[in-house]
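Subject: Structure handover

Hello,

My notes on it follow below.

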Amino acid sequence: MTQNLDAYWMPFTANRQFKQAPRLLTGADGMIFTDDRGRQILDGIAGLWCVNAGHNRPKIVEAIQRQAALLDFAPPFQMAHPMVFELANRLIELTPASLNKVFFTNSGSEAVDTALKMAIAYHRVRGDASRTRLIGRERGYHGVNFGGISVGGIVGNRKLFGPMLGGVDHLCHTHDPARNAFSVGQPLHGAEFANDLEKLIALHDASTIAAVIVEPVAGSTGVLIPPLGYLQRLREICDKHGILLIFDEVITGFGRTGQPFAAQTFGVTPDLMTAAKGLTNGCVPMGAVFATQAIHDTFMTGPEHLIEFPHGYTYSGHPLACAAALGTLDTYADEGLLTRATEMQGYFAEGLHSLKGLPHVIDIRNIGLIGGVELTPLPGEPGKRAFSLFLDCWEQGLLIRTTGDTVALSPPLIIERSHIDQMIDTLRKALVKAA
Ligand SMILES: Cc1ncc(COP(=O)(O)O)c(C=O)c1O
């Protein structure tokens, strides 16, 4: 490989380490990536929690190719193209029934910032302008834009960027290894962590709070599964105090937990819901915010020639993204992928939890086709043990992801038992070696 790697400043990457020993992907099909050495790498993380239908799916590829030649771009402000309406209609067949309006963005981060703006503007438009405060959660990840890092709770993503948004506070996180380590599925203990919201309400007063945003399953902070009853309790408290509940379903959307959305898996419906990633199977960037009729209708007042919600992106509802999304939804439907995690989760959980007792493994967490294996950090070098494991798995032909000292797994939903066996065997060997 003689390519010059200097010019490209890589995102969320240890640039210097990478450029000394690059990991370059050159092709992908189904569950498998190919690298520049011609090796086959099993995709244990659906690219980056997005390629839910696996790679190189014909209906998606053909839809994008067709669309590029037909209509490459249509301005989204005061104009549209037919497919964006078709996509919105198809999507609201999958969401909880009350979330029947769709606003398009280009990424999860943009979806999050859009939802936060919608929440604040909603209260103002309906005459309750003091509700501007946003409540996130410790260890939350909501992308990297200023709204998202403000409500997010990962210090490494926040500390370099100044004061961020004002008027933000955070619920406590729900990670409780003393009571819940090695829970299979939802942990039994911790519904009461939601009562932290009552504390923040007592501190700030409900009349100042616009919305609470949480990931139903926190992914980027190391796979934290909501304790039984936690999301229900959060919903109750929000309802009691007129606070909007936002679910950030950027990773949980599109079948990851066994239903189209985690809202359905956990039986709790938010007022606003973000999505991205699996929306287009990762093939073309796209995000979305789903809103209730009531939120939407609140904006639909005033002179009809005026813009009701002054927000949007040049590429909102881009024709190529819409084509990719429709091809993706067809693929999901043809193959029953949005509920396939319910079939595979038992075998996946068994494999994952068989790693209990291996060196350094201090917790294992799972739901649907999401898995987390937490390791004890190397003394004084947090994250290094898991990163070394990532490098070893890469050499052994398995792509995993690590965050802190947790290994995260989120394979494509087309996964077969033999792939699960391969993932677990590779991880087992790497863990034994790391001892
Ligand atoms: C819960 C959640 N929200 C938002 C984002 C940001 O999405 P994007 O990277 O598409 O901006 C992510 C990305 O992993 C995520 O996990």
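What distance separates the centres of domain 1 and domain 2, taken over C-alpha atoms? The answer is 26 Å.

Some ground rules. This is a predicted model: local features need pLDDT of at least 70, side-chain atom pairs count only at pLDDT 80 or more, and totals for chains, interfaces and linings use all residues. Residues are numbered from 1 along each chain as its sequence is written.

**Domains**

Domain 1 covers 15-56 + 337-434, and domain 2 covers 61-333. These bounds come from an automatic or database domain assignment. Across the boundary, 35 residues of domain 1 are in contact with 31 residues of domain 2. Contact here is a pair of C-beta atoms, placed from the backbone, within 7 Å. On the domain 1 side, α2 (46-49), α14 (340-353), β11 (361-367), β12 (370-375) and β15 (406-409) each supply at least two residues. Helices (H or I, at least four residues) and strands (E, at least two) are DSSP runs, numbered from the N terminus. By class, that side of domain 1 divides into 15 nonpolar, 15 polar and 5 charged residues. Nonpolar stands for Ala, Val, Leu, Ile, Met, Phe, Trp, Tyr, Cys and Pro; charged for Asp, Glu, Lys and Arg; polar for the others, Gly among them.

I367 counts as buried because it has 28 C-beta neighbours inside 10 Å. The cut-offs, with C-beta atoms placed from the backbone: buried is 20 or more other C-beta atoms within 10 Å of a residue's own, exposed is 12 or fewer, and partly exposed is in between. Not counting residues up to four places away in sequence, I367 touches G185, Q186, V217, I225 and T257. I367 and L224 are 143 residues apart in sequence, yet 9.5 Å apart in space, C-alpha to C-alpha.

**Ligand shell**

The ligand is surrounded by 14 residues. The closest are S107, G108, S109, G143 and V250. A residue counts as near if its C-beta atom, placed from the backbone, lies within 6 Å. The shell has 5 nonpolar, 7 polar and 2 charged residues. Helix α5 (residues 108-125) gives the largest share, 3 residues.

**Helix α5**

α5 is mostly covered, with 14 of its 18 residues buried. The expected span is 1.5 Å times one less than the number of residues. G127 follows α5 and has a positive phi, near 90 degrees.

Y122 lies in this helix, α5. Y122 is buried, with 24 other C-beta atoms within 10 Å. Leaving aside neighbours within four places in sequence, Y122 is in contact with I295 and T298. The C-alpha atoms of Y122 and A294 are separated by 9.8 Å, although the two are 172 residues apart along the chain.

**Nonpolar core**

The largest nonpolar core has 117 residues. Such a core is a set of buried Ala, Val, Leu, Ile, Met, Phe, Trp, Tyr and Cys residues joined through C-beta atoms within 7 Å. A119, A211, V212, I246, L272 and A288 have the most contacts inside it. Helix α13 (residues 319-335) gives the most to this core, with 9 residues. Both domain 1 and domain 2 give residues to the core, so it lies between them.

A211 touches L116, A119, L134, I243, L244 and I246, not counting residues up to four places away in sequence. α13 is mostly covered too: 13 of its 17 residues are buried. From first C-alpha to last, α13 reaches 24 Å, close to the 24 Å expected. Just after α13, G336 takes a positive phi of about 60 degrees.

**Backbone points to check**

K277 has a positive phi of about 40 degrees although it is not a glycine. K277 sits in the loop between β9 (272-275) and β10 (287-292). K277 is buried, with 28 other C-beta atoms within 10 Å.

H360 is not a glycine either, and has a positive phi of about 70 degrees. H360 is in the loop between α14 and β11. H360 is partly exposed, with 17 other C-beta atoms within 10 Å.

Best wishes

Terms used. Contact = placed C-beta atoms within 7 Å.
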